[in-house]
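This report looks at one chain of a complex.

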Amino acid sequence: MEKQTLERVIVEHPFFADLESYYISLLVSCASNVRFEPGKYILREGEEANEFYLIRAGRVAIEIHPPQRKPIVVDTLGEGDILGWSWLLPPYTWRFGARAMDATRAIALDAKCLRTKCEQNHDLGYELLKRFSQSINRRLDATRLQLLDVYAAD
Amino acid sequence: MPADWAIPQPWTVRAVEKETPDTFTLTLAPPDGHLSRFEPGQFSMMWVFGVGELPISISGDADAGGHTYTVRSVGLATKALVSRQPGESLGIRGPYGTPWPVETARGRDVVVVAGGIGLAPLRPAIYHVLRNRDQYRRLVILYGARSPRDILFRKELASWAKQKDTQVLSTVDYGGVSWHGRVGVVTTLLKYVRLQPAETTAMVCGPEIMMRFVARELVARGLAAENLYVSMERHMKCAVGLCGRCQWGGNFICKDGPVFPFAKIGGLLDRYEL
């Protein structure tokens with residue numbers, strides 16, 4: 001995918017809505033276009049968190065692997081979502097697995113490249129952290145609601 | 001109010017259909033053969049003689065006079081209700097209560113958000129929009145269930161998804177290993193909807209906590225409180241606003257509800273221990 005197309009895709013993704021073009025150009029230099037076939041693992045628990053993904057199309061299952069059992073899907077993501085924030089914090093390893101449920105298209109952002117740019121440009125780092133914080137906050141809200149088991153019989 | 005408002009009429013169970021392991025839909029017929037009219041969102045008081053009386057929302061097609069009731073067996077009275085066999089009788093009073101705003105929603109997008117058994121009171125509103133499809137814009141149905149085996153009206157959800165200008169998204173809180181659909185709470189589905197807040201009427205039904213989270217999310221996405229409606233459920237006795245059993249703040253849910261504009265009651269959903 002050409003740089004200009006990558007830039008357009010990143011600008012149009014909801015996660016980067018209204019981000020200044022200067023920051024977009026910094027992000028583009030760390031970005032690449034990726035595709036995953038149904039059933040393919042995008043990332044695995046315990047492995048190094050070397051990228052994060054802007055999902056453009058398809059569905060992704062977030063999984064936990066219990067011993068001697070099939071994986072349990074704890075959440076699903078889709079178009080407009082982001083996948084992965086373990087790249088932001090040490091020890092930079094994935095805490096869950098992620099598997100493509102459908103044919104999935106995404107933009108991968110190289111984590112080492114991004115971390116370097118954030119260290120060099122704290123404004124970019126702060127802007128990214130604000131956006132990730134909002135995303136983490138929404139997922140935490142949803143997880144709390146999920147834990148309440150609101151549809152259980154009283 | 002008619003003098004016999006408190007006297008249940010003996011209706012006959014025509015059919016009992018199992019929807020999920022603990023939820024059943026009963027189709028009833030009145031004693032004189034004349035089905036009383038109801039509006040989407042209304043409920044009846046259902047009496048199992050010798051056991052008790054419960055408010056149950058009508059889940060059938062109002063335009064077809066479909067007096068069906070979808071009941072989850074969670075206690076003595078509901079267990080007795082779903083155990084009725086075709087040919088047996090039940091006592092019915094009603095219909096009672098305020099309807100979904102299907103008239104004021106004409107010409108607008110309709111977003112239906114249901115959780116668990118909350119899809120049953122919303123089904124008549126969905127039927128109404130689909131029967132009068134040209135009078136509404138997009139229909140969006142978002143449904144959350146506890147697990148795959150708890151999904152209500154599974155075949156209808158699939159058939160609604162094939163209708164013109166209709167988007168149906170469902171999710172479960174716990175998927176299990178063989179589930180290939182979405183996992184996550186119903187609020188997470190809203191991000192997949194291209195909401196046009198100024199042109200949208202939303203109708204929400206489910207557990208109160210779920211409705212609070214959904215309402216918060218819809219308002220955050222720009223929906224005005226006056227275009228958002230929720231359906232409440234509490235224990236009831238008289239169903240006509242006399243006994244006070246279902247009083248909720250300054251409202252009687254039986255008479256002022258069960259369908260309320262969020263603008264009128266939004267604060268009550270946030271109040272502790274109410």
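## A buried leucine

B:Leu119 counts as buried because it has 27 C-beta neighbours inside 10 Å. The cut-offs are 20 or more other C-beta atoms within 10 Å of its own for a buried residue, 12 or fewer for an exposed one, and partly exposed in between, with C-beta atoms placed from the backbone. B:Leu119 sits in helix H2 of chain B. Helices (H or I, at least four residues) and strands (E, at least two) are DSSP runs, numbered from the N terminus.

Which residues is B:Leu119 in contact with, leaving aside neighbours within four places in sequence? They are B:Ala114, B:Tyr143, B:Leu152 and B:Phe153. A contact here means that the C-beta atoms of two residues, placed from the backbone, lie within 7 Å. B:Asp32 is 87 residues from B:Leu119 in sequence and 30 Å from it in space, C-alpha to C-alpha.

## Basis and confidence

This is a predicted model, in which local features need pLDDT of at least 70, side-chain atom pairs count only at pLDDT 80 or more, and totals for chains, interfaces and linings use all residues. Residues are numbered from 1 along each chain as its sequence is written, while chains are lettered from A and ligands numbered from 1 in the order in which they are written.

Chain B has a mean pLDDT (the predictor's confidence in each residue, from 0 to 100) of 93, and 99% of its residues reach 70 or more. For the complex, the predictor gives an ipTM of 0.88 and a pTM of 0.93.

## Overall fold

Chain B contains 6 helices and 15 strands. Its radius of gyration is 18 Å, close to the 19 Å from the globule rule for 274 residues, so chain B is as compact as a globular protein of that length. The radius is taken over C-alpha atoms, and the rule is 2.2 Å times the number of residues to the power 0.38.

The C-alpha trace of chain B spans about 50 × 45 × 40 Å along its principal axes. Of the 274 residues in chain B, 48% are buried. Among contacts in chain B with a separation of 6 or more, 70% join residues 24 or more positions apart.

## The nonpolar core

A nonpolar core is a set of buried Ala, Val, Leu, Ile, Met, Phe, Trp, Tyr and Cys residues joined through C-beta atoms within 7 Å. The largest has 110 residues. Helix H2 (residues 119–131) of chain B gives the largest share, 7 residues. Domain 1 and domain 2 of chain B each supply at least three residues.

B:Val112, B:Leu142, B:Val204 and B:Tyr229 have the most contacts inside this core. Beyond four places in sequence, B:Val112 touches residues including B:Leu122, B:Ala125, B:Ile126 and B:Leu142.

## Two domains

Chain B divides into domain 1 (9–96) and domain 2 (109–231); these bounds come from an automatic or database domain assignment. Their C-alpha centres lie 24 Å apart.

Across the boundary, 15 residues of domain 1 are in contact with 14 residues of domain 2. Strands E1 (9–20) and E5 (68–72) of chain B each give two or more residues to the domain 1 side.

## Contact with chain A

The contact takes 23 residues from chain B and 20 residues from chain A. On the chain B side, strand E10 (182–183) and helix H4 (208–220) each supply at least two residues. H4(B) gives the largest share, 3 residues.
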